[in-house]
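Please read this report with the sequence and the model side by side.

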Amino acid sequence: MFKGRVILAAMAGITDGSFANEVAINGADGVTIGGFNCHTSTFEAAVRINERGREEFIITPQELAEHIPNEINKISVNLPVIINLRFSDPHSKWMKGLLESLRSLDKNIIIELNSHCRQPEITECGGGESLLKRLESLENGIRVGKQYEFPISVKIRSSSLKEPETFLKLLRRESVDYRFKGCLAGNALV
Ligand SMILES: Cc1cc2nc3c(=O)[nH]c(=O)nc-3n(C[C@H](O)[C@H](O)[C@H](O)COP(=O)(O)O)c2cc1C
């Protein structure tokens, strides 16, 4: 799916469709938009983060099914679009509604499950890297994404992995398609 290895990484409040389009036009091999909050708890956490001065996408979970396809349609270059999703409960009806809405788009979409974010507001409500301590929820998230037949990426901060073998077994068991190693200017495909 990827021709090369230069992929725009998610930056909440920044990497929307217009930003991704600029990067795509300038030669990226893939772009990420988001992180978007699929669950009321992660959305409310994002509002608190925004209030303390760190930019976030303040889009309610119920708006995502309309908002994200609009953002994707701003990307004029045909390349893989990774959608970074924060969740704490993969059975959120908003997350499922979003995935359903993405199915009709004629784009190379990859769903990136965010088990990487270390902002305390997100980890305290069970999202981001706290999912690495609740592997069952992460595994359920992977299964939900797979139900909609999207390639799945699980984004982690490798230094936060306490039991790498258990985690790797999970990825193998669920046949996760991509793993990204976070780095500052982009994500390296591993
Ligand atoms: C301002 C900013 C916002 C970010 N937002 C997200 C996000 O919403 N989701 C995500 O998975 N990673 C996010 N990242 C992480 C980046 O995609 C990348 O993985 C990161 O910069 C790697 O280094 P770090 O973990 O030291 O920040 C963000 C990074 C920055 C600098």
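A residue is called buried if 20 or more other C-beta atoms lie within 10 Å of its own, exposed if 12 or fewer do, and partly exposed in between, with the C-beta atoms placed from the backbone. Helices (H or I, at least four residues) and strands (E, at least two) are DSSP runs, numbered from the N terminus. The model is predicted, and local features need pLDDT of at least 70, side-chain atom pairs count only at pLDDT 80 or more, while totals for chains, interfaces and linings use all residues. Residues are numbered from 1 along each chain as its sequence is written.

**Helix α4 and its surroundings**

The buried residues of helix α4 are Trp-94, Met-95, Leu-98, Leu-99 and Leu-102. Seen down the axis of α4, these buried residues fall within an arc of 135° (the arc of the directions from the helix axis to the C-beta atoms), so they line one face of the helix. An α-helix has 3.6 residues a turn, so residues three or four places apart point the same way. On the other side of α4, Lys-93, Glu-100 and Arg-103 are exposed.

The cover over the buried residues of α4 includes α3, β2 (81-86), β3 (109-115) and α6 (135-147). The axes of α3 (residues 64-72) and α4 (residues 93-103) come within 8 Å and cross at roughly 40°, where axes are lines fitted to C-alpha atoms, for helices over the stretch in contact, and angles run from 0 to 180 degrees between N-to-C directions. Two residues are in contact if their C-beta atoms, placed from the backbone, lie within 7 Å. In this sense Leu-64, Ala-65, Ile-68 and Pro-69 of α3 meet Trp-94, Gly-97, Leu-98, Ser-101 and Leu-102 of α4.

**The nonpolar cores**

A nonpolar core is a set of buried Ala, Val, Leu, Ile, Met, Phe, Trp, Tyr and Cys residues joined through C-beta atoms within 7 Å. The largest such core has 38 residues, and those with the most contacts inside it are Val-31, Cys-38, Leu-85, Met-95 and Leu-98. Helix α4 gives the most to this core, with five residues. Leu-98, when residues up to four places away in sequence are not counted, touches Cys-38, Leu-64, Ala-65 and Ile-68. A second, separate core of seven residues includes Ala-45, Ala-46, Ile-49 and Ile-122.

**Backbone and loops**

Most residues other than glycine have a negative phi, and most peptide bonds are trans. A cis peptide bond, with omega about 5°, joins Gly-34 and Gly-35, and Gly-35 lies in strand β1.

Glu-56, in the loop between α2 (40-51) and α3, counts as buried because 23 C-beta neighbours lie inside 10 Å. Leaving aside neighbours within four places in sequence, Glu-56 is in contact with Ala-12, Gly-13, Ala-46, Ile-49 and Asn-50. Glu-56 and Gln-147 are 91 residues apart in sequence and 28 Å apart in space, C-alpha to C-alpha.
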